[in-house]
Amino acid sequence: MLEVRGIVKRFGQCTALQGVGFTARPGEILGILGPNGAGKTTLLECLAALSPAQGGEVLWEGKPVATKRRRDILFYGPDGITPFSDLCVGEVTDFFRKAFGRSLDEEQKVVAALALGPVLAKPLGTLSKGYRKRALLSFALLSSQPVLLLDEPFDGFDLRQTLGVVEILRREAGHRILVVSLHQMTDAQKLCDRFLLLVEGRPRGEGSLDSLRAHAGLSDHADLEEVFLALT
Amino acid sequence: MHSLKRLSALLMLECRLMVRTRAFWGTLIAQCFLTGSGLIQAMRLYGGASASTVGYPEMARGLSPLDGILVPLFGSLYLATTLLFPFLAIRAAGEERRNGGDKLLAQLPLSRGLRISAKVLVILAAWCCLVIPCALGVVAWVALGGHVQIPEFANLTLGHALYGFTVAGAAFLAASLARTGAAGAILTLSFTLGLWALEYYAGSGRDWLRALAQHAPTADLHRFELGLFVLASCVRLGALGLAGFGLGAIWMDDGSALRLKWARSTVILLVLGAVLAESPWVRPAWDLSEDRRNSFSPAEEAALRRMWQPLEIAIHLSPEDSRYREFEAVILDKLRRILPRLSVATVVPHRVHEGEDDTYGLIFYRYAGKTAESRSTGPEEVLPLLFQLAGFPIPSDETPSYPGFPLVADIGSLSIFFYGVLPLLFAGLTWIARRPGRSHIQFREVQS
């Protein structure tokens, strides 16, 4: 189980995250929801130790994980990056397979699941936004850490692609903990088992849709969007 | 074993990132033209000078391939290292930082040190590729009948390698501090071109500026160009390069708190400051030039080494005076490497013009309670004076004199090679390197 307690992050005088915490259990997908600027990406970067936090701790199986050792349990798939633009997709998936000690069979499965076959020989810098996003997702899926943090995994996908990726992530959640940040409530409701609502760097609620409905005092028919609006 | 496989995969990735860039191949092609130009011009001048020595062996003695060919040839490497290489180094060090790739690489199951080392190795390998045209230039010179003395050549290559290491360190640091590649390039060029400016202004500047310039990377490189292997120069260039890489590694780590970065940087800067401050006291130096231009004769040096008491020299000359510079080059630099207890004082009178000060132009010597003075700045007069002070007989010099290596060669084919064949070869390699890699094609075959 992954436990995050009291994460605090400041940029100068501005507090981006104030006491954010959550729990994520094996086999579930936790969605971090919030409007743009809520601190979702900052939270994920702090958890992955790519950005220093001023407070808080991360526990894995009940034991605190030092910042230096975070990469042993967490892999963060960032959004909006354009890495290795001169390298072909296949070369980079090949690299991640070797770096994480995965088999060729596993690499083939990931590539096939994300339908990356037609662009394997193309440089990453020449891909469309949808293909680039899928390529980035393939790198994350080839990682071997037990917890996967994904920032806006559906950004740039059409409806059919989104449904396909939901299925892939659901399968992945069978053996890993998934924490995804999203700002589209409809996507979140399709994918996630539990939610952390984040507004202006502060947690406004955590739990399943049912428990959040109860917390907000809404009926069983209220969707995630209504719950979010009620609680934030 | 797994770590080794991961490291080799990372090295392969970093190499691919380097060779896929047009900048890398463009720099290599530019280096072909620079090298060709340097070599052809040098061989033309050397050939002209050699032609005039036919029948005059005394004149041929002045023809050293180190000065005439190797230094101008490696001058192209110096230009490439100073002006072009920083762009390659900055791209390799900072590109993935700017496009977000480092966020992925930071999460690999490899230590930070290994990840940084892979990057540094690829940057240094890129510099080694810049040496290829120069190495081919040396091969061409030898193939045309030219003479190369291996220790001289190896020493010159080492000097340029250490200078390249320093520039690479500066570029690595600049890449870590700058938000954009252009800003990184400006920072690095400020460093490399700043060294030129320092050298230029030091000639007529204040004492501290002159002292600083004497220990700057360009001055250290110049010692290697003279055929000198000076350990202090190696220490300085190595320390500057290492500090650049160390500081760069600290500031590239976005996961560390700012306070920690400053603390670590302060430690590195303090250590660097201590090493640079102490480096002038690192005495060992060897003259590897074939014509022993930086040394007295072996017999004279053996006699001088027996002068174990302190020798004091007071020079009543302005440092701008050409006699001062000559005395510094032909006497003091040589004495400093032999006499550990040598102290030199420069006495500049208020009125430095000759005729207004009787002592102007005089050089005073004090050894073992005895004193002497002379206006000479050449070894023919100064060395006998020193032996007289020490009470030694003047040693006889039986060393065979340097013969010189004149050569008039046909350099027509060099233009074709350096301006045509070699750039075309690199252009072809650019095409090959930028083709899709083999791994994924294999993968597609497996899939089908």
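Chain B is divided into domain 1 (2-287 + 413-438) and domain 2 (298-390), with bounds that come from an automatic or database domain assignment. This is a predicted model, in which local features need pLDDT of at least 70 and side-chain atom pairs count only at pLDDT 80 or more, whereas totals for chains, interfaces and linings use all residues. Residues are numbered from 1 along each chain as its sequence is written, while chains are lettered from A and ligands numbered from 1 in the order in which they are written.

The C-alpha centres of domain 1 of chain B and domain 2 of chain B are 37 Å apart. Four residues of domain 1 of chain B are in contact with four residues of domain 2 of chain B, contact requiring C-beta atoms, placed from the backbone, within 7 Å.

Confidence may be considered next. pLDDT, the predictor's confidence in each residue from 0 to 100, has a mean of 89 in chain B, with 94% of the residues at 70 or more. Within chain B, helix α7 (residues 150-177) has the highest confidence, at 96, and helix α17 (residues 438-447) the lowest, at a mean of 51. Where pLDDT is low, the predicted coordinates should not be read in detail. The model scores ipTM 0.91 and pTM 0.86.

Helices (H or I, at least four residues) and strands (E, at least two) are DSSP runs, numbered from the N terminus. In chain B, helix α11 (residues 231-252) packs against helix α12 (residues 258-278) at an angle of about 180°, their axes lying 10 Å apart. Axes are lines fitted to C-alpha atoms, for helices over the stretch in contact, and angles run from 0 to 180 degrees between N-to-C directions. α11(B) and α12(B) are therefore roughly antiparallel to each other, a term for angles over 145 degrees. Among the residues that meet are Ala239(B), Leu247(B) and Trp251(B) in α11(B), and Ile268(B) and Leu272(B) in α12(B).

Chain A contains an open sheet of four strands in the order β2-β1-β4-β5, with antiparallel pairing; strands pair if DSSP finds at least two bridges between them. The edge strands are β2 (14-24) and β5 (63-64) of chain A. Seven bridges join β1 (residues 2-11) of chain A to β2(A), and Arg10(A) has Thr15(A) in β2(A) as its bridge partner.

Between the chains, 33 residues of chain B are in contact with 32 residues of chain A. On the chain B side, α1(B) gives the most, with eight residues.

Notes. Parallel < 35°, antiparallel > 145°, perpendicular 65-115°, else oblique. Contact = placed C-beta atoms within 7 Å.
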